[in-house]
Amino acid sequence: MAGNSIFTASAIFFVFFANLAFSQSNNLDPECDNRRIYIRRLPPRFNLDLLSNCSQYPIFDDFCPYLANHGLGQFTHNRSSSWYRTDPLMLELLFHRRILEYPCLTPDPASADAVFLPYYAAIDALRYLYGPDVNSSAEHGLALYRFLRRDSPRIWRRHHGHDHFLVMARPAWDFSQPPSYDPPVWGTSFLEIPQFYNVTALTLESRAWPWQEQAIPYPTSFHPPNLALFESWLRRVRRSRRTTLALFSGGGGVSASPNIRRSIRDECENNTATNGTSANGFSTLCEIVDCSNGVCEHDPIRYMRPMLESSFCLQPPGDTPTRRSTFDGILAGCIPVFFEEQSARAQYGWHLPEEEYGEFSVFIPKEDVVFKGMKILDVLMGIPRGEVRRMREKVLEFLPRIMYRKHGSSLGLRAKKDAFDVAVEGALQRIKSRINEVSDQ
């Protein structure tokens with residue numbers, strides 16, 4: 001597999017420069033005012049060369065199979081044209097490929113409104129998390145910083161890094177180990193070293209306080225190449241019969257200690273069916289798709305069909321507050337049910353506006369369920385049907401914004417802003433605001 005990954009890296013490398021040269025010819029378009037991005041040219045040791053190590057972390061996983069199709073992964077089946085076995089770790093590769101098509105690239109860093117760093121931070125972090133450098137995690141990012149200061153230093157000095165942004169395909173917690181910890185704890189120190197305090201980091205999950213972090217959606221397995229296939233999926237979602245009230249797709253909840261996942265499993269297992277009768281029009285009150293031991297991670301068929309048949313998708317926190325399943329559920333038109341604010345409301349404000357959460361989701365405090373005996377299914381059955389329909393329409397309104405369409409997609413589909421488009425717009429606005437704020441000081 002290492003040989004295949006090297007081939008993949010070479011192909012991406014070729015596409016990088018071919019597309020970059022083409023895109024940069026359009027950088028004088030007035031529609032690009034305040035939107036111009038310069039892609040920093042990094043040595044391949046910071047991105048493409050890292051892919052050749054795809055099978056060297058057995059404690060983690062062999063991620064070679066997920067490099068295919070520029071990070072989308074392999075097709076789910078031979079006749080698939082929109083569905084892939086996508087791994088969230090490949091978001092950096094996926095994002096890199098997509099930004100090559102961005103219409104407002106510029107070859108001149110002095111005229112750029114933002115500078116993109118095509119650094120595969122999460123992939124590079126594997127050697128500190130699972131590999132030979134596990135005791136040197138405080139050094140993660142220092143080699144990149146030294147390069148940025150040494151190579152064309154004026155690019156970095158112009159705004160002291162405030163105009164730079166990058167993607168980090170793991171929760172920010174995995175990059176937040178204080179450098180002074182001895183012995184080291186879990187994670188690397190990339191986001192804790194002062195050298196990168198000014199850089200905007202797009203992560204799968206952000207912490208509550210650092211201004212420079214912004215969570216963007218986990219990639220799902222749906223990456224349509226054209227408008228027809230996107231609209232075909234949307235029609236299927238709209239027509240789907242929601243015969244199940246609530247679905248939990250995930251693992252955990254089997255420990256003896258009280259927690260929200262255990263409460264969900266207990267309630268679900270005691271209310272899996274209605275004994276042939278109809279409860280509020282549902283033939284099943286609660287269903288569990290057991291995704292223990294990662295069996296669902298690269299197999300969307302396991303959970304997408306049940307999500308299509310469910311009215312509500314329960315999204316409890318796990319090891320960290322956020323879940324990829326949140327976006328799988330939205331993709332299926334399944335109304336998300338959250339149990340803590342950090343699971344989504346305090347995370348994805350660019351893609352799912354915070355002030356609109358009550359219009360497309362349900363919030364039930366986990367403490368009320370775990371310690372006060374609140375029944376989730378009672379809350380959901382108490383929501384009027386008309387309100388449920390309105391909430392689902394709002395979910396479908398957000399659907400394009402949380403998916404990552406395929407690179408090279410048709411012009412018609414490009415007219416719909418997807419997760420990548422919204423993330424780039426948000427980064428540009430954040431950078432502009434930050435530079436103005438610093439200038440006023």
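Here are some friendly notes on the sheets, a salt bridge and a charged patch in this predicted model.

1. A word on the ground rules. In this predicted model, local features need pLDDT of at least 70 and side-chain atom pairs count only at pLDDT 80 or more, while totals for chains, interfaces and linings use all residues. Residues are numbered from 1 along each chain as its sequence is written, and side-chain values use heavy atoms, with hydrogens and water left out.

2. Start with the open sheet of five strands, ordered S1-S2-S3-S4-S5 and paired in parallel. Strands (E, at least two residues) and helices (H or I, at least four) are DSSP runs numbered from the N terminus, and two strands pair if DSSP finds at least two bridges between them. At the edges sit S1 (37-39) and S5 (213-215), each pairing on one side only.

3. Look inside that sheet next. S2 (residues 114-116) and S3 (residues 164-171) run parallel and are joined over two bridges; Val-115 stands opposite His-164 in S3.

4. Now find the open sheet with the order S7-S6-S8-S9-S10, where five strands again pair in parallel. Its edge strands are S7 and S10 (362-363), each with pairing on one side only. Between S6 (residues 244-250) and S8 (residues 310-315) there are three bridges, in the parallel sense, and Thr-244 faces Ser-310 in S8.

5. The whole structure holds 27 salt bridges (a side-chain nitrogen of Lys or Arg within 4 Å of a carboxyl oxygen of Asp or Glu). One of them links Arg-85 to Asp-299, with the closest N and O atoms 3.8 Å apart. Arg-85 lies in the loop between S1 and helix H2 (91-99) and Asp-299 in the loop between S7 (284-290) and H8, so the pair ties together parts 214 residues apart in sequence.

6. Finally, which residues gather in a patch of positive charge on the surface? They are Arg-235, Arg-236, Arg-239 and Arg-305. Patch residues have over 30% relative accessible area and no salt bridge, with like charges joined within 9 Å and nonpolar side chains (Val, Leu, Ile, Met, Phe, Trp, Tyr) within 5 Å; accessible areas come from the Shrake-Rupley method with a 1.4 Å probe. Helix H6 (residues 227-239) gives the most, three residues, while Arg-305 belongs to helix H8 (residues 301-308).

Note on methods: Lys and Arg count as positive and Asp and Glu as negative; His and the chain ends are not counted. The place of a charge is taken as NZ of Lys, CZ of Arg, CG of Asp or CD of Glu.
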